[in-house]
Amino acid sequence: MVNDPLYRLLAWLSPAYPVGAFSYSHGVETAVEEGLIRDRVSLVAWLDSVLRHGTGTVDGALFAAGWRTASASDWLAFDAVAERAAAWRGTAEMALESRQQGGSFLSITRTAWPHAALDEAHRRLGGELALPVAVALAASVHGIALEQALAGYLHAFTANLISAALRAVPLGQTDGQIALAALEAAVHDATRTAIAVESLDEVGTATPLLDWCSLRHETQYTRLFRS
């Protein structure tokens, strides 16, 4: 049997992987509604901030910690990371977004790409993991290098939010790809920053508008997305 880590990573982070990512906008829908995202330039600026100072910072650090503890088979420490990841959400919708996708990811990956460590994590944690920790676990036990896995994860996160924006802003597919290209440095920097974190106690965010948009989305009159 061929064991190709890159093949597995590409499969897991593909838009076709059935975790329900298309249902979530991570506050982008409200940012559009409120005029904070109006065009490609403002979209890039918004996502750059999310990556460097918001979710990219927190989820990147959680991903790295989850990968390292799983790599060391330190399951007590891994479960502590998973517990922190579940609690480290600013709003109910952000918690739902991460928990639902993480649970779906763990479920389908246990079936299609089985590994005993995934089954054990499912048993210990009741099948619920935040998405970055779930992907980090799978990447670690399937032999995918941390930097490669985390860069792929943050790229997929960014691409999904761009896809959400294309459905809410009058932007075309070309604008979406230009935006994704413009965010390459932000994804790279967020990856390197997360890997350099020595303690999760050092990590925080500086994106209050992101949390505000998520809170506003809970009562937004018309909605395409769940967050």
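The exercises below look at helix packing and aromatic rings in this predicted model.

**Exercise 1.** Work out how helix α6 and helix α8 are oriented and which residues meet.

*Solution.* 
- Start with the geometry: α6 (residues 92-112) and α8 (residues 131-141) pack at an angle of about 25°, and their axes are 7 Å apart.
- Angles under 35 degrees count as roughly parallel, so α6 is roughly parallel to α8.
- Next, list who touches whom: α6 brings Ser98, Gln101, Gly102, Phe105 and Thr109, while α8 brings Leu131, Pro132, Ala134, Val135 and Ala138.
- Sort that contact by class and you get six nonpolar residues, four polar ones and no charged ones.

**Exercise 2.** Classify the ring pair of Trp12 and Trp113, then say which parts of the chain the pair ties together.

*Solution.* 
- A search of the whole structure turns up six aromatic pairs.
- In the pair of Trp12 with Trp113, the ring centres are 6.3 Å apart and the planes make 85°.
- Planes over 60 degrees apart count as edge-to-face, and that is the class of this pair.
- Now place the partners: Trp12 sits in helix α1 (residues 5-12) and Trp113 in the loop between α6 and α7 (116-125), so the pair links parts 101 residues apart in sequence.
- Both Trp12 and Trp113 are buried.
- Zooming out, ring pairs join Tyr7, Trp12, Tyr17, Phe105 and Trp113 into a cluster.

**Exercise 3.** Which residue lies over the face of Trp88?

*Solution.* 
- Look for a charge above the ring: Arg84 lies over the face of Trp88, at 5.6 Å from the ring centre.
- The cut-off for that distance is within 6 Å.

Note on methods
Residues are numbered from 1 along each chain as its sequence is written. This is a predicted model: local features need pLDDT of at least 70, side-chain atom pairs count only at pLDDT 80 or more; totals for chains, interfaces and linings use all residues. Side-chain values use heavy atoms; hydrogens and water are left out. Axes are lines fitted to C-alpha atoms, for helices over the stretch in contact, and angles run from 0 to 180 degrees between N-to-C directions. Helices (H or I, at least four residues) and strands (E, at least two) are DSSP runs, numbered from the N terminus. Angles under 35 degrees count as roughly parallel, over 145 as roughly antiparallel, 65 to 115 as roughly perpendicular and the rest as oblique. Contact means heavy atoms within 4.5 Å. Ala, Val, Leu, Ile, Met, Phe, Trp, Tyr, Cys and Pro count as nonpolar, Asp, Glu, Lys and Arg as charged, and the others, Gly among them, as polar. Rings of Phe, Tyr and Trp (its six-membered ring) pair if their centres lie within 6.5 Å; planes under 30 degrees apart count as stacked, over 60 as edge-to-face and the rest as tilted. Buried means under 20% relative accessible area, exposed over 50%, partly exposed in between (1.4 Å probe, protein chains only). A charge sits over a ring if NZ of Lys or CZ of Arg is within 6 Å of the ring centre and within 35 degrees of the ring normal.
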